[in-house]
Amino acid sequence: MTTLLLFMVMVVGAVVQAVFPTVRWLGQANAPILLGLVIYYALTHSRGTMLLAAIFAGLLQDALGMIPLGYSSFCFCIVAVVVSRFKDMVFVHELVTHMLFGAIAGGAVTLALYALLSTAGLLTLAPAWTALKVIGSVLLGAILVPFECELVADLDRMLHMLVEEEASVDDV
């Protein structure tokens, strides 16, 4: 049932990311909706579910844009593994945690995708535009990721999809 919920949330997230408008003063940065879902699953679910979320979200993001399949999945998997390494050291359901991970991951994924695409000869951007896009991704990640993490956490709670460790912490 968790996998079914994951796929449904990812598809809805992909639609929201596709229709979310970009702003020129943020470097035309896309809203990191799928990245936020990967961060949520990395913080709250098992390693297998986390990697499934990262791969599926990356494939959806690549399919939405003009990126060769697998580039975003690679970046999302790295983010998911790094975030899951820190989940025992942070407060998983706190706003500040989501803001911090959203901001850092948004900038890191944008830079990593830029590096991968530019070394493959698929993208050329001016350095100023790249910096503006990274700053836009950091701001959008810090603003949007906490909201979507809270929405998906509420959905998990309503459907009783919480991990056993998490349920025992919430019951105390």
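User: Is Leu6 buried or exposed?

Analyst: This is a predicted model, in which local features need pLDDT of at least 70 and side-chain atom pairs count only at pLDDT 80 or more, while totals for chains, interfaces and linings use all residues. Residues are numbered from 1 along each chain as its sequence is written, and side-chain values use heavy atoms, with hydrogens and water left out. Buried means under 20% relative accessible area, exposed means over 50%, and partly exposed is what lies in between (1.4 Å probe, protein chains only). Leu6 has a relative accessible area of 0%, so the word for Leu6 is buried.

User: How confident is the predictor in the protein chain, as a mean pLDDT?

Analyst: The pLDDT is the predictor's confidence in each residue, from 0 to 100. In this chain 94% of the residues reach 70 or more, although over residues 164-172 the pLDDT is below 50. Where pLDDT is low, the predicted coordinates should not be read in detail. The mean for the protein chain is 89.

User: Which residues is Leu6 in contact with, leaving aside its neighbours within four places in sequence?

Analyst: Leu6 lies in helix α1, where a helix is a DSSP run (H or I, at least four residues), a strand is one too (E, at least two), and both are numbered from the N terminus. Contact means heavy atoms within 4.5 Å. Once the neighbours within four places are left aside, the contacts of Leu6 are Tyr41, Thr49, Leu52 and Ala53.

User: What kind of aromatic pair do Phe7 and Phe56 form?

Analyst: Rings of Phe, Tyr and Trp (its six-membered ring) pair if their centres lie within 6.5 Å, and planes under 30 degrees apart count as stacked, over 60 as edge-to-face and the rest as tilted. A search of the whole structure finds two aromatic pairs. For Phe7 and Phe56 the ring centres are 4.7 Å apart and the planes stand at 85 degrees, so this pair is edge-to-face.

User: How many residues apart in sequence are the parts that this pair of Phe7 and Phe56 ties together?

Analyst: Phe7 is partly exposed at a relative accessible area of 31%, and Phe56 is partly exposed at 22%. Phe7 belongs to helix α1 (residues 2-19) and Phe56 to helix α3 (residues 47-64), so the parts tied together are 49 residues apart.

User: What is the centre-to-centre distance in the pair of Tyr40 and Tyr41?

Analyst: Tyr40 is buried at a relative accessible area of 1%, and Tyr41 is buried at 0%. Their pair is edge-to-face, with 80 degrees between the planes, and the centre-to-centre distance is 5.4 Å.

User: How many residues of α2 are buried?

Analyst: The buried residues of α2 include Leu34, Ile39, Tyr40 and Tyr41. The helix is mostly covered, and of its twelve residues the number buried is twelve.
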